Amino acid sequence: MGTKTPVGVEPAARSRAPLLPPRPTRVAAAETPRAAMASPVVVGATIIAALYFGREIFIPIAIALLLSFVLTPLVNRLRRLRLPRLVAVGVSVGLTLGIVAALATLIGIQAADLAGDVPRYRATIERKINGLRDSPVGHATEYVANIGRALHGGAKEVNNPQAQPPAPPPTPPGPEQSQAAPKPVLVEVAASPPGPIEMLSTVLSPVMHPLATVGIVFVVLLFVLMQREDLRDRMIRLAGSSDLHRTTVAIDDAAKRLSRYFVVQLALNAAFGIVIGIGLYVIGVPNPVLWAIFAALMRFVPYLGAVLSALLPMALAAAVDPGWNMMIAVAILFVVLEPLTGQVFEPIVYGQSTGLSPFAVLVSALFWTWLWGPVGLLLSTPLTVCLVVLGRYVERLEFLDVLFGDRPALTPVQNFYQRVLAGDAEEVLGHAELILQQCSLSSYYDDVVLKALELAAQDAARGVLTAQQKAAMRAALAELIADLSDRSDAVAAASGDGEEGACSALPMGPTPEALSEDWTRAGAVLCVAGRGFLDEAAAAILAQILEKRGLGVRTIPFAETASARIGRFDPGTARMVCVVSLALDGEPTHLRRLIRRLKGRLPGVPILLGLWLAQDDGASRLAGGPGGAAEADGQVGSLREAVEAVLAQADATVAAGPGAAPDGAPDPERGAPRLPASAGA
């Protein structure tokens, strides 16, 4: 009576508590992830801090790495011409340096020419502003401004009712005072002319930092191209050297993808700039070369680049032309070319997209701009593409692909289960409509819905589903099946791209015209549901697919075949019975009893057991037990096999002729027809 129960022992084991050692005290669930989360957070914060405070070093390195992806195809092509690596790298880097110098020279000349005409452009803008003041728009603006000033003055009077009148101006000084005032003395300070060193420092100081950055970029670029294989080996070692074949293929594929993407993007943006320059030259905008280079560079900037590249030429057109025709023409040029390039040419050249989600492009632009300023905005998309591609191949960086990649985060099966679990019938139907654009109805049921029901059955077996969630799932599934009842089962629409979630077609079987009247009348095939909370929906799915094959079907809930009601159960002129259950494992004894009751009620009618989601060990025990579900004439493990078995049985009966059974019913003396071997247990 006085024995204490050890801490951690369950109440059911208190009688044998002295024989059991005490269980260790569990740590609360909220305290468990602290140690695991601390390390990634600290590492991430350290990397971001290093990138921020070391941006003077990391920006040239990042630019050099991106240029290496662009120049790698050229270096490889020169290497195929039997040139040494040093010569191939030198030619590639020298050519790139020459292009950069030529572009910088053009930009300088064009900017200097534009700066010389600024006074003339200012006079044109002032005339336009004066013209706007005389227009109805200007009068309306002045009227609104007058109202604002009146309201502002009235508010001042209300707030200061005892305001004193302004003091009278002071009296001018007399003649005697004016004669006594001393005259101011003007002092001029002459600055000494700067010496040669000071003049050289003044001229070069604005360009010293850009020149130093360019020098660092090309020095790093030389070493990256020269040590490409060594850097790849080090990356393989960091990514994982346990499986060299897989890691090597992944790194090489990622490098090829990035190289192709950057080369294509550079070529496409350069072509866009050339077309913009030609269009501006035809329209008559000054300095079209400057705006062509500016438009090509701004296309690397997501979202803001297209707007900025159009605003400055439009402002210049408004300053040059006394009217508004030139500015409107420039706006039309950008409005036509930008969507055409982004929505037509880029998908054709890139395949689909950059591999980034729209949200990722926006977040990356904000992040890299905050980190590295305008240069970070220019490099945001290329840098994020590199991270996403690495995330697809390096397991430790997979979270980058999940967060920023454009691939769906969840599979179609997981998406469907999440929507059904939430009980949102509209989202469930919308998800179905999206997938049915590429799949037939039967393959959608087989490859998506039933696999999602398997996840639900697993959660139900673990006891994590509440009664409300089960009811919501049943209602959502019933509404989905009802909404899809009028959809044709077009097997030809099945997708064959081989991607995850792609659907495969189910067999069609004999045409409805080839079936006898016994199989097309209502209730020819009975789809009997088990007692699981999803069994009735599974039986309804099978019935809908069989009905679209021309068979007469009838869905029977488990309650109608219970022991107390089996005597009142009317099977009609059934030709076949399909018992459907989504049991995971074990031995569902209710199926044994159900099959026995159906055998007694429908003698001679073949019974097919559809244990769709059963595991191998559970299915074998269920089918092989003495007097158990092996009493069924066949057993299948999926919707596909169930449809195949029923269609084969109907085809075999049609081939046997109308005399196979009197009045279209099975012959009790012959016994139940043998199901095809493929459907047997």
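Predicted model: local features only at pLDDT ≥ 70, side-chain atom pairs only at ≥ 80, totals over all residues.
**Arg 597 and its neighbours**

I started with Arg 597 and asked which residues it touches, leaving out those up to four places away in sequence. The list came back as Phe 558, Thr 561, Ala 562, Ser 563 and Ile 566. Arg 597 itself is in helix α22, which covers residues 589–601. Is Arg 597 buried or exposed? I get 15% relative accessibility, and since the cut-off for buried is under 20%, Arg 597 counts as buried.

**Whole protein**

Next I zoomed out. I have 681 residues here, and 36% of them count as buried. The fold has 24 helices and 5 strands. For the accessible surface I noted about 39900 Å², with 64% of that belonging to carbon and sulfur atoms.

**Salt bridges**

How many salt bridges does a search of the whole structure find? It turns up 8.

Arg 487 with Glu 433: the closest N and O atoms are 2.5 Å apart. Arg 487 sits in the loop between α19 (467–483) and α20 (517–520), while Glu 433 is in helix α17, so this pair ties together parts that are 54 residues apart in sequence.

Asp 459 with Arg 462: here I read 2.6 Å between the closest N and O atoms. Both residues are in helix α18 (residues 441–462), and because they are 3 residues apart, about one helical turn separates them. What about burial of the two partners? Asp 459 is buried, with a relative accessible area of 15%, whereas Arg 462 counts as exposed at 58%.

Glu 427 with Arg 419: the side chains meet in a salt bridge at 3.9 Å, N to O. That one made me check the cut-off, which is within 4 Å, so the pair still qualifies. Glu 427 is partly exposed, with a relative accessible area of 41%, and Arg 419 is partly exposed at 22%.

**Negative patch**

I then looked for charge gathered on the surface. Which residues make up a patch of negative charge there? I wrote down Glu 426, Glu 479, Asp 483 and Asp 486. I followed up on Glu 426, which has its place in helix α17, residues 425–435. Its relative accessible area is 58%, so Glu 426 is exposed.

**Phe 223**

Phe 223 is in helix α7, which spans residues 196–226. Is this Phe 223 side buried or exposed? Phe 223 is exposed, as the relative accessible area is 56% and exposed means over 50%. I also took its separation from Ser 68: Phe 223 and Ser 68 are 155 residues apart in sequence, but in space the C-alpha to C-alpha distance is 9.9 Å.

Conventions: Residues numbered from 1 in each chain as written. Heavy atoms only, no water. Patch = residues over 30% accessible without salt bridge, like charges linked within 9 Å, V, L, I, M, F, W, Y side chains within 5 Å. Areas by Shrake-Rupley, 256 points an atom, 1.4 Å probe, with all protein chains shown as cover. Lys, Arg positive; Asp, Glu negative; His and termini not counted. Charge placed at Lys NZ, Arg CZ, Asp CG, Glu CD. Helix = DSSP H or I, 4+ residues; strand = E, 2+ residues; numbered from the N terminus. Buried < 20%, exposed > 50% of the residue type's maximum accessible area, 1.4 Å probe, protein only. Contact = heavy atoms within 4.5 Å.
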